[in-house]
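Dear colleague,

I am handing over the structure we spoke about, with notes on what was found in it. Please read the notes with the model open beside them.

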Amino acid sequence: MAILSNFSSAGEQQQQPVVDIPTLGRLVGSQLSSASGRKFHAFRAIPYALPPVGDLRFKDPIPAKTWDEVLDASREGPICTQFNSIMADVFVHGQEDCLYLNVYTPQLKTAGSDRHLLPVMVWIHGGAFYMGSGNGENDRFGPGYILDRDVVLVTFNYRLGPLGFLSTEDVDAPGNYGLLDQSLALRWVSDHVGHFGGDPNSITIFGESAGGASVDFHVLSPYSKGFFHRAIIQSGTAKCPWVLDTPVGEYTKILAEHLDCPTATSGELLQCLRTRSAEDIVGIRRNIALPELGFGMFPMAFVPRIDRERKLPFVPARPEKLIMEKKFNQVPLILGVVRNEGALVSSSFFLSGNRVMQAFKDDPIRTLSFLINMEKRPDGLEMAQLVHDRYLDKQQNYEDQMEQIEQIISDYGLFKCTDDSVNLFSQFNDYPTFYYFYTHRGQFSFPQLVGIKPEMDFGVCHADELFLMFTAGYLPLISTPDDVKVSETLLDLWTSFAKDGAPRSQHVDDQWLPVEQGKMRYLNINSQPTFVNDKMPFERRLAFWDRMKVQNRLLPAKDEF
């Protein structure tokens with residue numbers, strides 16, 4: 001935590017915004033410019049929890065304490081310790097003392113001012129629960145586009161990988177520490193955002209991928225009740241198989257054994273792991289991940305779980321049970337997916353001399369068992385064989401079936417769980433549930449940024465919309481007319497929803513109507529957005545995944561798509 005030993009000179013005070021939070025202390029921020037040149041205030045690296053180090057490792061977060069000196073909130077803070085499998089030279093970086101948040105605001109609350117408090121948007125980053133951050137200069141979540149609008153934006157870090165989601169599956173370490181970090185950050189925002197010009201009674205949480213699933217968990221969890229009023233779930237829900245169906249306890253034992261820790265009792269295991277370095281703990285991915293498949297994200301291993309061992313569980317039951325019993329936080333919702341979600345993974349088949357493709361050809365069934373998150377199930381290979389036979393033709397070259405491989409990942413990993421969640425919320429949520437399909441192929445797309453040849457078109461990849469929502473220190477601003485228009489459309493829709501729960505845009509002629517029970521409809525978001533009164537175009541493929549498992553038993557299905 002950075003403290004200013006001497007406050008700024010009088011000239012600097014005029015440029016550096018200052019906020020006093022009575023229960024915490026004074027902090028000084030900086031002034032930044034939006035994409036259009038609009039000035040706004042930035043307060044970064046604000047601690048919302050005590051550093052989760054030493055005896056606090058693998059424990060619930062504790063709120064940050066007050067600070068006596070002036071807090072320097074003018075620069076970004078550290079990211080959480082993580083294994084970055086995206087970079088060409090995979091490495092561990094970050095630090096354990098990382099539970100900080102950033103507040104960006106176009107206005108500050110001043111005594112005697114009649115300015116209205118602004119809607120607040122709290123972003124939860126993705127990264128498969130083992131990498132990423134809320135930063136914008138050394139990551140991809142800068143405020144440059146959003147702060148062209150009259151909203152307050154908050155981003156933050158949370159614990160990742162084993163440090164955030166390890167579990168012994170008992171009361172000693174029930175897990176979900178990363179989600180508890182998030183909930184504590186939301187509590188901080190609810191308590192203090194008013195000092196930054198934000199309305200604590202108008203908070204929208206939004207996130208993508210693991211961040212989208214996290215948003216869904218807050219909708220479902222009693223811990224986060226009252227901390228937000230609307231939610232946007234992008235490309236990931238709590239029902240997705242990679243989110244909640246992983247045997248975290250098994251991977252915890254694998255980690256302990258790798259670091260020469262005893263596994264006879266949970267207490268001994270945890271006591272030993274608290275003596276190991278954070279770098280060695282998150283570095284377990286070197287030993288468990290399939291090299292390069294999906295850029296090293298399989299298996300995810302350390303993710304959320306149903307923590308029923310906790311006195312007050314963060315995830316009390318399966319998502320569908322909580323929704324059907326209306327035991328969730330009822331708020332207006334937006335959910336959606338992009339056209340080629342699975343391209344994030346299928347594009348990795350063509351990296352590093354096509355080594356992933358060769359591994360797939362050598363043993364497609366084993367690889368598929370990881371892709372469908374069943375690598376630890378006794379019947380995982382049988383399930384993978386069913387998927388293979390449904391989508392792929394072993395008589396054809398796999399290189400010629402990349403569309404089908406992408407569909408496997410899209411359908412099972414994101415389309416099915418999102419469609420199911422929309423159906424459930426449309427029945428049991430007392431507020432509107434809006435559905436979207438993002439189909440714009442922009443100037444920037446993830447496969448090209450990691451070295452895939454530009455002539456290889458993988459469509460609209462997972463997370464592509466984020467390039468139009470956030471500025472990134474390593475990328476130029478968007479410049480093509482279509483990108484600018486789609487960016488305006490997304491920001492119109494998201495910020496109007498944050499304001500009053502009714503998404504609208506100057507570029508959308510039709511009214512975006514919510515889904516109703518038994519009536520699916522969605523907004524197709526691209527340079528010519530259209531409202532569609534019908535099911536999603538991929539819906540006809542999804543019934544297979546219901547038929548594949550009946551009472552947890554194998555059930556082949558031969559019907560054509």
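Predicted model: local features only at pLDDT ≥ 70, side-chain atom pairs only at ≥ 80, totals over all residues.

Residues are numbered from 1 along each chain as its sequence is written, and side-chain values use heavy atoms, with hydrogens and water left out.

The chain has 18 helices and 19 strands, these being DSSP runs (H or I of at least four residues for helices, E of at least two for strands) numbered from the N terminus. Its radius of gyration, taken over C-alpha atoms, is 23 Å, close to the 24 Å that the globule rule (2.2 Å times the number of residues to the power 0.38) gives for 561 residues, so the chain is as compact as a globular protein of that length. Buried residues, meaning those under 20% relative accessible area with a 1.4 Å probe and protein chains only, make up 62% of the chain.

Strand 9 (residues 100–105) has six of its six residues buried, so it is largely enclosed by the rest of the structure. In a regular strand the side chains alternate between the two faces of the sheet. Here Tyr100, Asn102 and Tyr104 point one way, whereas Leu101, Val103 and Thr105 point the other. Strands count as paired if DSSP finds at least two bridges between them; strand 9 pairs with strand 5 (residues 39–47) in the antiparallel sense over five bridges, with Phe43 opposite Val103, and four bridges join strand 9 to strand 11 (residues 152–156), also antiparallel, with Asn102 opposite Thr155.

Phe40 is found in strand 5 and, at 1% relative accessibility, counts as buried. Beyond its neighbours within four places in sequence, Phe40 is in contact (heavy atoms within 4.5 Å) with residues including Tyr104, Thr105 and Leu147. Phe40 and Leu147 lie 107 residues apart in sequence, yet their C-alpha atoms are 7.3 Å apart.

Finally, the largest cavity is lined by Pro52, Cys80, Thr81, Gln95, Glu96, Cys98, Arg159, Leu160 and Leu163. A cavity here is a set of points on a 1 Å grid over the protein atoms alone where a 1.4 Å probe fits but cannot get out, and lining residues have an atom within 4 Å of a point.

With best wishes

Methods: 1 Å grid on protein atoms, 1.4 Å probe; cavity = no way out; pocket = protein on both sides within 12 Å on 5 of 7 lines; lining within 4 Å. Buried < 20%, exposed > 50% of the residue type's maximum accessible area, 1.4 Å probe, protein only.
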